[in-house]
Amino acid sequence: MSKLRHVIRAEQLVDPALLDELFNSASKLERDDKALKLEHPLRGRILATMFYEPSTRTRFSFEAAMQKLGGGVLTAENALDNSSASKGETIADTVRVVSGYADAIVLRHPQVGAAEMAAEASPVPIINAGDGAGEHPTQALIDVYTIRKELGRLEGLNIALVGDLKNGRTIHSLLPFLRNAPGVSLTLISPPQLRLPGKYVRMLQEADTRFAETTRLARVQPADVVYVTRVQRERFASEAEYDAVKDSYRIDLHVADSLKARSIILHALPRTTEISPEVDQDARAAYFRQARNGLYVRMALLNYLMS
Amino acid sequence: MSKLRHVIRAEQLVDPALLDELFNSASKLERDDKALKLEHPLRGRILATMFYEPSTRTRFSFEAAMQKLGGGVLTAENALDNSSASKGETIADTVRVVSGYADAIVLRHPQVGAAEMAAEASPVPIINAGDGAGEHPTQALIDVYTIRKELGRLEGLNIALVGDLKNGRTIHSLLPFLRNAPGVSLTLISPPQLRLPGKYVRMLQEADTRFAETTRLARVQPADVVYVTRVQRERFASEAEYDAVKDSYRIDLHVADSLKARSIILHALPRTTEISPEVDQDARAAYFRQARNGLYVRMALLNYLMS
Amino acid sequence: MSKLRHVIRAEQLVDPALLDELFNSASKLERDDKALKLEHPLRGRILATMFYEPSTRTRFSFEAAMQKLGGGVLTAENALDNSSASKGETIADTVRVVSGYADAIVLRHPQVGAAEMAAEASPVPIINAGDGAGEHPTQALIDVYTIRKELGRLEGLNIALVGDLKNGRTIHSLLPFLRNAPGVSLTLISPPQLRLPGKYVRMLQEADTRFAETTRLARVQPADVVYVTRVQRERFASEAEYDAVKDSYRIDLHVADSLKARSIILHALPRTTEISPEVDQDARAAYFRQARNGLYVRMALLNYLMS
């Protein structure tokens, strides 16, 4: 596999050798950070974070990662209102100019395909940090890293995906990793309106991945991994459509207790009502550890792309 | 006194040994900065500033402090609109995630008690940089530092507090320091609608602090310290209520000249009309020196909390 | 010439010795950057960027410049809404406080004269990064640097200025450099409503600069430099006035092909429709190289002002 330049789709990351390289690097970076022994391989390099849709957590984790590697950061917290986009500039032009100042660009954009367009125009690496209901590949990388770190492997696991499978881009980006892992079986739990789109269903079928679709939350019980998604208000055309499904599922203590002892609950966060705060104390609640892993996985990725 | 973890209420800082430690550190940091001899004790550490209410000056002073100590910064200039809060996330969840990326968090929030809630959820130090009409403890620290630096002591001073004593959180945070200083006498000058709330009046009474309440600005004359507050539009329910009191008091050259030669005028800034610009040239106008002190006091505090 | 303190008007920069010093420094910084040999002369220093009008590109280029020189950055992406300005503070007060935290301040403001006011109040250098329809002197510096780098000289060139010459502050800031260069002749191409204001016409007349005013784009043909400006929506009182002129001129492949082989097309960017994307591949399209030059020219300027 040739060296990765831009990170736009999860598909690009589904290479065992690449995953091993990145994940070993992430583990080492975590050990070095905790021992206060981090080196600064990206000293003198600059990362630009351009967020056309708000996401403090994703932005912070990339910016912390860059700074821990010794690099500097240019940040556009609210690029939609404050940047040249509001003056009618294309994303291609913006990227061409910003690539003159930064050694890599992290882009979040409400429009599917925006990162792809940016990559075509950019001489420096573009990292897609979410393009509308499209993809969020580095989140998938973190998810896979977390599953392997928590459970030792991806192979053979029973993984339940719960919530908005239609619009949840973290789910869409995770599927290419799951379908390729031998022996994985998926339980897709969603309201009828929020089922996994046909193109992803076909992707699973073509890979001969075992999966079942259901509307019943009780089907989480045999899962090793319960991956919960937020029903995102911003993806619905009307408040009524959102209200009809927003509280479809709720992982509370009762549900958590029904899971296997060695299972884990994941969530890309932020959550609203889909996981009760009371579950946080349960050892199976791995979502805050998952968020923390984001720092090291993104450090590994930035280091890989820029050094 | 056990080592301070979070800085939420001014009360936590009212310890003579702690104050001496912080203020000596601030003085040393100022000398080192001016001699371009600053060391970087917080190299590799990261501070997150999360502002759910705008305040460029407070944010800048914390961020400058952190960078001068060698650390990095994650900044959310407008966290209310741009962060997960807009997606319905609780402050506790936000803090749990951000604490995975940052070694301390500075929080400004419009809601009284927000910092307390954040501290309960956070494994890293939370610094309250203002919670609605609640507290702003580091401002009080700066105020006390400034009084001691300018006048050599807090003890025995006559201190006039002028303006909105009802909503002014800098005043509320300053009182715990003042009531404990031997021989301090306070003159509380405000319109009737903006008197010091009962709970603070009782705090003074219980400590046997000498104080007098008045509506007359002329009562500032014998003061050693005249602490002026802005009447904050954002704390009033209607424009009419604000208009009725906004120009209650104005320190102009005439008032300044009526003060003692060795007195000082303080203000946490920003000001609007309550101090005339013509007063700025007067040696008693200490408010810009006070703002500058903020840098060193906050450096001392960050260094204390994180190293 | 005494050492420059604040950078407010282009006029201040029109000194051959100063230009040589800055441009030589910019060239050296570019070489060192590309060889990964940058030193960090501004280590420990802090730059504040205060943008009361959005401009991600200009802000990024200053912030990248500062960080590449080893310094830190305080950033206010949207100072109008988020800073003390919204509480009624004057720009003079803001600058006095921020100068306590930063070693220099980059200011963009919608109001003509704002930078001048800031400079009067500031003990640290103020750099005007655009004040309404006033000036944008560092852009002019970049433009002159680019012309000299691309064509070897400014002297004797035929320079066409195209578009909104009335409101285009980059044009206004460029004129003091052009009128002083021996043998330069200018072609001023604009719709009748957007002609160069009288005060600038008189400036050219007093300097005996050769210039012609026209509404015909075809007059670009003999130019060595075609400097295109965007018609800025935000400078018009009504949408109708804007619509009447916004598409006055368009540099497409046909126009580009009519130019001399050794000519260059400049634009301060962002562009909307005034230059077709198809022109980007043409060697004469120098606007992205011009943007990149901004990094090094601003590094040279920051280094000059702060070290």
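Chain A is divided into domain 1 (10-135 + 294-306) and domain 2 (137-291), with the bounds coming from an automatic or database domain assignment. This is a predicted model, in which local features need pLDDT of at least 70, side-chain atom pairs count only at pLDDT 80 or more, and totals for chains, interfaces and linings use all residues. Residues are numbered from 1 along each chain as its sequence is written, while chains are lettered from A and ligands numbered from 1 in the order in which they are written.

I stay with the two domains for a moment. The C-alpha centres of domain 1 and domain 2 of chain A lie 25 Å apart. Their contact takes 19 residues from domain 1 of chain A and 17 residues from domain 2 of chain A; two residues are in contact if their C-beta atoms, placed from the backbone, lie within 7 Å. On the domain 1 side, the elements giving two or more residues are helix H1 (16-34), strand E4 (126-131) and helix H11 (287-306) of chain A. Helices (H or I, at least four residues) and strands (E, at least two) are DSSP runs, numbered from the N terminus. By class, that side of domain 1 has 11 nonpolar, four polar and four charged residues. Here Ala, Val, Leu, Ile, Met, Phe, Trp, Tyr, Cys and Pro count as nonpolar, Asp, Glu, Lys and Arg as charged, and the others, Gly among them, as polar.

Next, helix H1 of chain A. At 1.5 Å a residue, the 19 residues of H1(A) should span 27 Å, and its end C-alpha atoms are 27 Å apart, which agrees. The expected span is 1.5 Å times one less than the number of residues.

Which residues of H1(A) are buried? They are A:Leu22, A:Ala26 and A:Leu29. These residues cover an arc of only 65° around the axis, which puts them on the same side of H1(A); the arc is that of the directions from the helix axis to the C-beta atoms. An α-helix has 3.6 residues a turn, so residues three or four places apart point the same way. What covers the buried residues of H1(A) includes helix H6 (137-151) and H11 of chain A. On the other side of H1(A), A:Pro16, A:Ala17, A:Asp20, A:Asn24, A:Arg31 and A:Lys34 are exposed. A residue is buried if 20 or more other C-beta atoms lie within 10 Å of its own, exposed if 12 or fewer, and partly exposed in between, with C-beta atoms placed from the backbone. Just after H1(A), A:Leu36 takes a positive phi of about 50°.

Now the copies. How is chain A superposed on chain B? A rotation of 120° with 0.0 Å of shift along its axis does it, at an RMSD of 0.0 Å. The two copies are thus related as by a three-fold rotation axis. In chain A, the C-alpha nearest the axis is that of A:Glu77, 4.6 Å from it. Superposition is by least squares on the C-alpha atoms of residues with pLDDT of at least 70 in both copies. The copies use different surfaces: 10% of the contact residues of chain A recur in chain B.

Last, the contact between chains C and A. It takes 20 residues from chain C and 24 residues from chain A. On the chain C side, helix H2 (56-68) and helix H11 (287-306) of chain C are the elements that give two or more residues. H2(C) gives the most to that side, with seven residues. The residues of the chain C side divide into 10 nonpolar, five polar and five charged.
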